[in-house]
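Welcome! Let's take a friendly look at the charged side chains of this structure and how they pair up.

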Amino acid sequence: FSYEARIPVSMDWVRNWNSGEQSSSSGSFPKSPARSNGKGKGKGKYRNSSADFRQQSKKFRPETLTRLQAVERVARSTAALSQRTARTVAFLFSQAIVTILVPELAALKNAAAAVSQDPSKPHELAIQKWGCMIKGLAVDAKTSPQHAEIFNAHVHQFPKADLLEGKVLYCRVKATFRDSELYLVQFRVADSLQAVAVSLVETLVKAGGSVSYTPAARCNEERWVSEDLAALDALGQ
């Protein structure tokens with residue numbers, strides 16, 4: 001993709017379509033470990049239990065650790081770091097990507113069913129899903145004539161998928177795990193497609209969709225790390 005396409009694009013406009021409107025700074029960014037009231041930087045204590053193992057004495061002497069204790073210390077430190085990083089990434093993703101939960105529409109069902117023709121080029125699948133969604137919504141009865149015109153103009157302007165390289169930066173459409181009739185739509189596009197993106201958000205919200213600003217729930221790997229740390233704690237009791 002072009003260098004310009006990789007530059008973050010402001011998507012603040014999407015926040016106009018939700019009754020619970022909030023600014024981009026209202027998310028809860030992962031906080032740094034809290035420090036105690038003691039003087040000096042060396043007396044801070046971690047809040048979460050995954051890091052309670054840290055040495056709290058004034059002088060930490062690594063030579064006093066056994067090899068097994070050192071391995072456990074590394075494992076716990078790595079686990080704590082991975083959990084913190086995962087939450088930070090989830091927060092940043094929620095700010096950069098437009099996420100909408102929408103009741104089932106034929107256009108979304110077709111987009112979700114799209115498969116990649118070339119597994120070595122995963123981004124082509126994102127463009128394919130985008131194309132299926134826009135084409136489907138252009139002829140959907142729930143789409144207003146104004147938005148249908150914008151969608152049709154977009155289809156005619158970009159008749160081939162490769163013309164959208166560097167313009168459709170991310171697109172994901174799938175049925176949610178708990179409710180197969182509720183679809184998750186996520187996308188990010190370049191500034192040149194902002195008019196289409198605005199019409200897309202308005203159309204999906206009008207169809208019963210809700211824009212989401214919160215970070216995604218913990219993934220399986222995050223839960224596994226927590227379970228492993230709990231198991232390690234149990235062994236030490």
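Which residues are linked in a network of salt bridges? They are Glu-72, Arg-76 and Asp-233.

## Before we start

This is a predicted model, in which local features need pLDDT of at least 70 and side-chain atom pairs count only at pLDDT 80 or more, while totals for chains, interfaces and linings use all residues. Residues are numbered from 1 along each chain as its sequence is written, and side-chain values use heavy atoms, leaving out hydrogens and water.

A salt bridge here is a side-chain nitrogen of Lys or Arg within 4 Å of a carboxyl oxygen of Asp or Glu. Searching the whole structure turns up three of them.

Arg-76 pairs with Glu-72 through a salt bridge whose closest N and O atoms are 2.9 Å apart. About one helical turn separates the two, because they sit four residues apart in helix H2 (residues 67-96); helices are DSSP runs of H or I with at least four residues, numbered from the N terminus.

Arg-76 also forms a salt bridge with Asp-233, with the closest N and O atoms 2.5 Å apart. This pair joins distant parts of the chain, 157 residues apart: Arg-76 lies in helix H2 and Asp-233 in helix H7 (residues 220-235). Arg-76 is buried at 5% relative accessibility (buried means under 20% relative accessible area, exposed over 50%, partly exposed in between, with a 1.4 Å probe and protein chains only). Glu-72 is partly exposed at 32%, and Asp-233 is partly exposed at 31%.

Glu-222 and Arg-87 meet in a salt bridge at 3.0 Å, N to O. Glu-222 belongs to helix H7 and Arg-87 to helix H2, 135 residues apart. Glu-222 is buried, at 8% relative accessibility, whereas Arg-87 is partly exposed, at 26%.
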